[in-house]
Every structure is written in structure tokens, then in C-alpha cells.
Amino acid sequence: MPVGRADEDRLVSDMIELTRQYGRYGYRRIAALLRDAGWQINDKRVERLWRREGLKVPMKQPKKGRLWLNDGSCVRLRPEYRDHVWSYDFVHHRTDDGKAFRTLNILDEHSRECLAIRVKRRLNSAEVIDALTDLFILRGVPAFIRSDNGPEFIAQAVRDWIAAVGAQTAYIEPGSPWENGCCESFNARFRDELLNGEVFYSLREAQILIEQWRNHYNTKRPHSALGYRPPAPEAIVPVETRPIMH
């Protein structure tokens, strides 16, 4: 069935608008967002239009081999189901006045959902316990919680409390951030897609914009490891159906 020029023009217009909104996305993620908006179109067609319009196609990244340790450390722990393995980590940033703030990012490694991002000037072990408590009430207790060996995570109060609720800690080897690859990847996207492109004039503004981005990440942002679907698509509000493209 031939495609009308008007339909293709609308498709290109939608594609360019999504590229403007999400400037760090490649054509595959843009194609996934177009399909989510109702366009029935494959990646190859989007790539062709992408190139025709002179949009940048990201370079392929070299494949990376996994590091397997012989001592049975937690790099071998692979999430098998939702709430099997959570991981958490800190990210540091500043508001426009130069004052530092931290975010505590908590992820479900199986679903890739960002469960929470707590944003404060200071975050200590008590804040870690408080953030996890809120999530345990909402979702239940995971089997494992993976983290690096930061003082907030290895504090005895945190270790004792996690053990008391029935979860197990999984600390990565010191100096081996690749063992916490889920958080490392998320933190990189978090910086690239939000922190590096925003000026936060206050802590409150940072909290609001970061929470908006977290909701977008969970419900809209296509994730390559999930077949270019978002981690929590059930929360997506239906949108206007677009015409079928062949």
C-alpha cells in the first residue's frame, strides 16, 4: 500500500520533534517512541528518514567482555525476577549557586525500573535506611541489595537493618565499579540526559525536575535491554492513534 506524502511528512515532523525533545536518543529509541505514539513503522524506515534529514546516527560502541572473578563475588549474581536484586548508588552534582547536592538512586536490576531518586544536600546512612524503608512498604523486601563499599552502605546500622528485614547485602569488590553495572549505566544516562543539560537554581527545582525525569525514564524512555520498551510501560497514558506506515 503506497504511503501518502502527507503521512510521511507528519512522520518526519514527529521524528524531528522527538529528536528535539530527547537530543541524546538515537534512531532506535526514537523509533520506539514513534511506535508508542501509534505509528506502525520499523527501525529501518526510521533510520532511512533519519539519515535523509541529516540527523546524527550514534556510532556503534565496541563490545565489552564481562569480567568473571574466581572467588564467587557478587559479579556472578544475576537478577532473575522483579525485586530479586536491587542496587543503589550516589551521584554528586551542584545547584547554580555552587552548593553541592547528592542523589541516592535505587534500581530494580531485573525490570531496570528506577525505584526512587532521593535528592538532598546531605545523604547519610540514616537517609539510606529511610529511603529503603519507604520502598519496602510499597514493594516488599528484595532478596539482595547490591552496592559499592561507600561508608553510607557499609555502615553497621545499614547492614544490621537490611539483615533484620530478611534481605542480603551484595557488596562489589573495591575499585570494581563494573560489578555494579546496572547502577553505573543508569548514572551515566542520568548525567547525560538530565544533569549535564540543566541549570538547577535551587534544590527544590532539582528535586522536581529529577522526579519528572525519573517518571519519564520509567514510563516512556525506550530501554535497549528491554527490546526498546520502557521499564514500567503499564503506567503510560494512551495517546492519540497515528496512521499505519508500511
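Asp-83 lies in the loop between α3 and β1, where helices (H or I, at least four residues) and strands (E, at least two) are DSSP runs numbered from the N terminus. This is a predicted model, in which local features need pLDDT of at least 70 and side-chain atom pairs count only at pLDDT 80 or more, while totals for chains, interfaces and linings use all residues. Residues are numbered from 1 along each chain as its sequence is written, and side-chain values use heavy atoms, with hydrogens and water left out.

Asp-83 is buried, with a relative accessible area of 12%; buried means under 20% relative accessible area, exposed over 50%, and partly exposed in between (1.4 Å probe, protein chains only). The phi of Asp-83 is positive, at about 65 degrees, although the residue is not a glycine. Most residues other than glycine have a negative phi. Arg-112 also has a positive phi, near 70 degrees, and is not a glycine either. Arg-112 sits in the loop between β2 and β3 and counts as partly exposed at 28% relative accessibility.

His-84 belongs to the loop between α3 (43–52) and β1. With a relative accessible area of 6%, His-84 is buried. Neighbours within four places in sequence aside, His-84 is in contact (heavy atoms within 4.5 Å) with Leu-77, Arg-78, Pro-79, Pro-142, Ala-143 and Phe-144.

The protein as a whole has eight helices and five strands. Along the sequence these follow the pattern α-α-α-β-β-β-α-β-α-α-β-α-α. Of its 246 residues, 44% count as buried. Among contacts with a separation of 6 or more, 61% are between residues 24 or more positions apart. The protein exposes about 13600 Å², and carbon and sulfur atoms supply 51% of that area; accessible areas come from the Shrake-Rupley method with a 1.4 Å probe, and for residues only the protein chains shown count as cover.

In soluble globular proteins, nonpolar side chains tend to be buried together. A nonpolar core here is a set of buried Ala, Val, Leu, Ile, Met, Phe, Trp, Tyr and Cys residues joined through side-chain atoms within 4.5 Å. The largest such core has 21 residues, of which Tyr-88, Leu-104, Ile-106, Val-128 and Leu-132 touch the most other members. Two or more residues of this core come from each of β1 (85–94), β2 (100–108), β3 (114–120), α4 (125–139) and α6 (156–164). Helix α4 gives the largest share, six residues. Leu-132 touches Trp-86, Tyr-88, Ile-106, Ile-145, Trp-161 and Ile-162, not counting residues up to four places away in sequence. A second, separate core has 18 residues, including Val-91, Ile-117, Val-119 and Phe-200.

Ala-131 is also in helix α4, and at 5% relative accessibility it counts as buried. Leaving aside neighbours within four places in sequence, Ala-131 is in contact with Leu-104, Ile-106 and Arg-118. Ala-131 and Ala-116 are 15 residues apart along the chain, and their C-alpha atoms are separated by 8.0 Å.

Two packed helices are described by the angle between their axes and the distance between the axes. Axes are lines fitted to C-alpha atoms, for helices over the stretch in contact, and angles run from 0 to 180 degrees between N-to-C directions. The axes of α4 and α6 come within 9 Å and cross at roughly 20 degrees. That makes α4 roughly parallel to α6; angles under 35 degrees count as roughly parallel, over 145 as roughly antiparallel, 65 to 115 as roughly perpendicular and the rest as oblique. The crossing of α4 and α6 is right-handed: a crossing is right-handed if the near helix is turned clockwise from the far one by less than a right angle, and left-handed if anticlockwise. Helix α4 makes the contact through Ser-125, Val-128, Ile-129, Leu-132, Thr-133 and Phe-136, and helix α6 through Ala-157, Val-158, Trp-161 and Ile-162.

For helix α2 (residues 27–36) and α3, the axes come within 9 Å and cross at roughly 120 degrees. This crossing of α2 and α3 is right-handed. Tyr-27, Arg-28, Ile-30, Ala-31, Leu-34 and Arg-35 in α2 meet Asp-43, Val-46, Glu-47 and Trp-50 in α3.

Tyr-201 lies in the loop between α7 (181–193) and α8 (203–219). Tyr-201 is exposed, with a relative accessible area of 58%. Tyr-201 and Asp-96 are 105 residues apart in sequence, yet 5.1 Å apart in space, C-alpha to C-alpha.
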